[in-house]
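Here are my notes on the two-chain model you sent. They are set out as numbered points, beginning with a term that is needed throughout.

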Amino acid sequence: MLEDEQKLVKKAKDGEVEAFGLLYDHYLPKIYRFVLLKVSHREEAEDLTHQAFLKAWENINQYNFKGYSFGAWLYRIARNTTVDYYRNSRSETSMEEVSEIAIEGISLGGAVDKKMEWEGLVKSIRRLKEIEQEVLIMRFVEDLSPKEIAEAIEKSEGAVKLIQHRAINNLKKMVNEGK
Amino acid sequence: MTENELLQNLKSLKGILPRSEFTHQSKMSILSSPRTLKPKWEMVGRGVLAESLNFGLSMVLTAAAVVLVLGGATSILRAVFLNSLPGVDREGLLTEADNISRDIDIQLNEAEYYAVAAKETSVALREASLNGPAHANPLLIQNEASTFDFQDPTNSNIDDLLNTLSQ
């Protein structure tokens, strides 16, 4: 969680653009990754991420701190935005797009032999159920606590732990089958 | 692949970052957009507040409907008005209500009697139309019709009878 996050949120609620700018800088990479791993299209991920932050900025007064981070609220908005996107137009992911995601990672210093591994991993994640994808990304990529995930996906902490357990097992099975 | 390796690989996905061009453009676009501050009640229009109000309203309406259906409204209103309004002659009102109730009972009895009488008449007429009345002998009627002079304003037989009676 961002230090003094609640102070920044309060300032943003009062209309301070700079405060929301800081929140944006902190959460943008996380929300972008979450969306990108779900849609696997860079441009669509950018559009959806932009929409999610715009909604957050417009409706920031609706966020109330109840022990969970501003991030959990942002994930919920991003999730709903992605669900709407899926409802309207769901397209298949091509290998090129998956590779594109992998290349982005490699360009940041990863080894070339990682490319295949990443492709397989991203493809396997996309084969999981929607809810399993979301929990897996939030828990193991973004390090959110089960409590924060529960708030983001509107389920209990117990349900989150159960989904997480299933997601890991299914993913392990899929990755090993793909080898 | 072991679970630890899998988790390590998942962590490495953190290396995915948005393009700096997109980051900058999106941020400028969002922060420069005019933020319309809506009234708080409107923002939660489809939220908890609206749901609570809807639920509360539906409960009140349901309760009112149940009271009306069960007829409890009359007794409640009577109890409320008779006991709470000052200057109301409670005894007088109750006597008047009893009288009205008695009148209604009498009228109901009359209506019942008329219904029975109408039924009996209907049966008699039905029998008469089917079998003919016993006293309506066509020969007798014919005879009386021939002896009775409808054109003469003075009937000698009647005059004789009247004279006998006057003596």
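1. Burial. A residue is called buried when its relative accessible area is under 20%, exposed when it is over 50%, and partly exposed in between, using a 1.4 Å probe and the protein chains only. By that rule K38(A) is buried, because its relative accessibility is 1%.

2. Basis of the model. This is a predicted model, in which local features need pLDDT of at least 70, side-chain atom pairs count only at pLDDT 80 or more, and totals for chains, interfaces and linings use all residues. Residues are numbered from 1 along each chain as its sequence is written, chains are lettered from A and ligands numbered from 1 in the order in which they are written, and side-chain values use heavy atoms, with hydrogens and water left out.

3. Chain A. The secondary structure consists of nine helices and zero strands, where helices (H or I, at least four residues) and strands (E, at least two) are DSSP runs numbered from the N terminus. Of the 179 residues in chain A, 52% are buried. Contact here means heavy atoms within 4.5 Å. Taking contacts in chain A between residues at least 6 apart in sequence, 66% join residues at least 24 apart. Chain A exposes about 8400 Å², and carbon and sulfur atoms supply 49% of that area; accessible areas come from the Shrake-Rupley method with a 1.4 Å probe, and for residues only the protein chains shown count as cover.

4. Chain B. This chain has eight helices and zero strands. Chain B has 167 residues, and 10% of them count as buried.

5. Salt bridges at K38(A). A salt bridge is a side-chain nitrogen of Lys or Arg within 4 Å of a carboxyl oxygen of Asp or Glu. Over all chains the count comes to 13. K38(A) pairs with E130(A), the closest N and O atoms being 2.8 Å apart. This pair links distant parts of the chain, with K38(A) in helix α2 and E130(A) in helix α7 of chain A, 92 residues apart. K38(A) also forms a salt bridge with E134(A), where the closest N and O atoms are 3.1 Å apart. Here too the partner lies in helix α7 of chain A, 96 residues from K38(A).

6. K38(A), R79(A), E130(A) and E134(A) are linked in a network of salt bridges.

7. Extent of the interface. The contact between the chains takes 46 residues from chain A and 29 residues from chain B. The buried area, meaning the accessible area (1.4 Å probe) that two parts lose on being put together, summed over both, is about 3600 Å² between chain A and chain B, and carbon and sulfur atoms give 64% of it. On the chain A side, Y24(A), R33(A) and W57(A) lose the most area to chain B, together 14% of what that side buries.

8. Polar links across the interface. Five salt bridges are found between chain A and chain B. There are also 13 residue pairs in polar contact between these chains, both residues being at pLDDT 80 or more. A polar contact is a pair of N or O atoms within 3.5 Å; within protein, one must be able to donate a hydrogen and the other to accept it, and residues adjacent in sequence count only if both atoms are side-chain atoms. The largest share of the side of chain A that touches chain B, eleven residues, comes from α2(A). That side divides into 25 nonpolar, eight polar and 13 charged residues, with Ala, Val, Leu, Ile, Met, Phe, Trp, Tyr, Cys and Pro counted as nonpolar, Asp, Glu, Lys and Arg as charged, and the others, Gly among them, as polar.

9. One pair between the chains. D143(A) forms a salt bridge with K14(B), the closest N and O atoms being 2.9 Å apart. The pair runs from the loop between α7 and α8 (146–153) of chain A to the loop between α1 (3–12) and α2 (20–32) of chain B. D143(A) is partly exposed at 40% relative accessible area, and K14(B) is partly exposed at 33% relative accessibility.
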